Amino acid sequence: MIRRASDVVVSSLALALSAPVLAVAMLAVRLESPGPAIYTQRRAGRGGREVDVLKLRTMVDGAEHIGAGLAIDADDPRVTRVGAFLRRTSLDELPNLVNVLRGEMSLIGPRPTLPVQVEQYTERQRGRLAIKPGITGWAQVNGRASLPWAERIELDLYYIEHRSLALDLKILRRTLALVLGGSGLYKGEAGGWEGDQ
């Protein structure tokens, strides 16, 4: 209950403070390319329950049906100029705060993944679904998408087994450094996952 209360308070405050930035970003997305400013993608949440994760659109509308599909790499021509900036600064994930308010995500936890990825999990890897997915997490601050998928899952499992206030604060500090540095952004939309798609 304390964690949920913290999620609600912090995400509400973050949304209120970032509202002007979010509004400008949404306008910039719409001005650069046609289509909605908010992109919705079905992801697996706690226990594998599917949720619609919200993000600012960083690619041309319908990009998942063009070229490499869900795979996204550096210099992908489908990524807009505004989208590249939003990805580099992680501002594209601001709408995730709405998912937190709705109780579908937490501020800290494993990043939500595609249902097709979950279908390929081993029994141990399914432990990753024991808690709500997060906006940031232990795997995010220890290599992000530059890590092999299996290694990212192990880092997420480590977090679940060692969750504490001290570890959460460490993740938040490292997240800030990553946002300012913009490293480890690209290794496909699936984040280096090498299962069947």
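Which residues does Tyr159 touch, not counting residues up to four places away in sequence? In this predicted model, the answer is Arg3, Ile108, Gly109, Ile131, Trp138, Leu167, Asp168 and Ile171.

Let's start with the core. Tyr159 belongs to the largest nonpolar core, which has 27 residues. Together with Leu86, Leu97, Leu107, Ile135, Trp138 and Ile171, Tyr159 is among the members that touch the most other members. Several elements each supply at least two residues of this core: helix 1 (2–32), strand 2 (50–56), helix 2 (81–89), helix 3 (96–101), strand 3 (106–108), helix 5 and helix 6 (165–181). Helix 1 gives the largest share, four residues. There is also a second, separate core of seven residues, with Val118, Tyr121, Ile153 and Leu157 among them. As background, nonpolar side chains tend to be buried together in soluble globular proteins.

A search of the whole structure turns up one aromatic pair, formed by Trp138 and Tyr158. The two rings are stacked, 6.0 Å centre to centre, with 25° between the planes; the angle counts as stacked because it is under 30 degrees. Trp138 sits in the loop between strand 4 (134–136) and helix 5 (149–161), while Tyr158 is in helix 5, so the pair ties together parts that are 20 residues apart in sequence. Trp138 is buried, at a relative accessible area of 11%, whereas Tyr158 is partly exposed, at 36%.

Now for the charged side chains.

| Salt bridge | N to O distance |
|---|---|
| Glu50 and Arg42 | 3.3 Å |
| Asp92 and Lys55 | 3.3 Å |
| Arg128 and Asp156 | 2.7 Å |

Arg128 lies in the loop between helix 4 (115–118) and strand 4, and Asp156 in helix 5, so their bridge ties together parts that are 28 residues apart in sequence. Both of these residues are buried. Salt bridges with shared partners also join Arg42, Glu50 and Asp52 into one network.

Asp92 counts as buried at 4% relative accessibility, and Lys55 counts as buried at 15%.

Methods. Residues are numbered from 1 along each chain as its sequence is written. This is a predicted model: local features need pLDDT of at least 70, side-chain atom pairs count only at pLDDT 80 or more; totals for chains, interfaces and linings use all residues. Side-chain values use heavy atoms; hydrogens and water are left out. Rings of Phe, Tyr and Trp (its six-membered ring) pair if their centres lie within 6.5 Å; planes under 30 degrees apart count as stacked, over 60 as edge-to-face and the rest as tilted. Buried means under 20% relative accessible area, exposed over 50%, partly exposed in between (1.4 Å probe, protein chains only). A nonpolar core is a set of buried Ala, Val, Leu, Ile, Met, Phe, Trp, Tyr and Cys residues joined through side-chain atoms within 4.5 Å. Contact means heavy atoms within 4.5 Å. A salt bridge is a side-chain nitrogen of Lys or Arg within 4 Å of a carboxyl oxygen of Asp or Glu.
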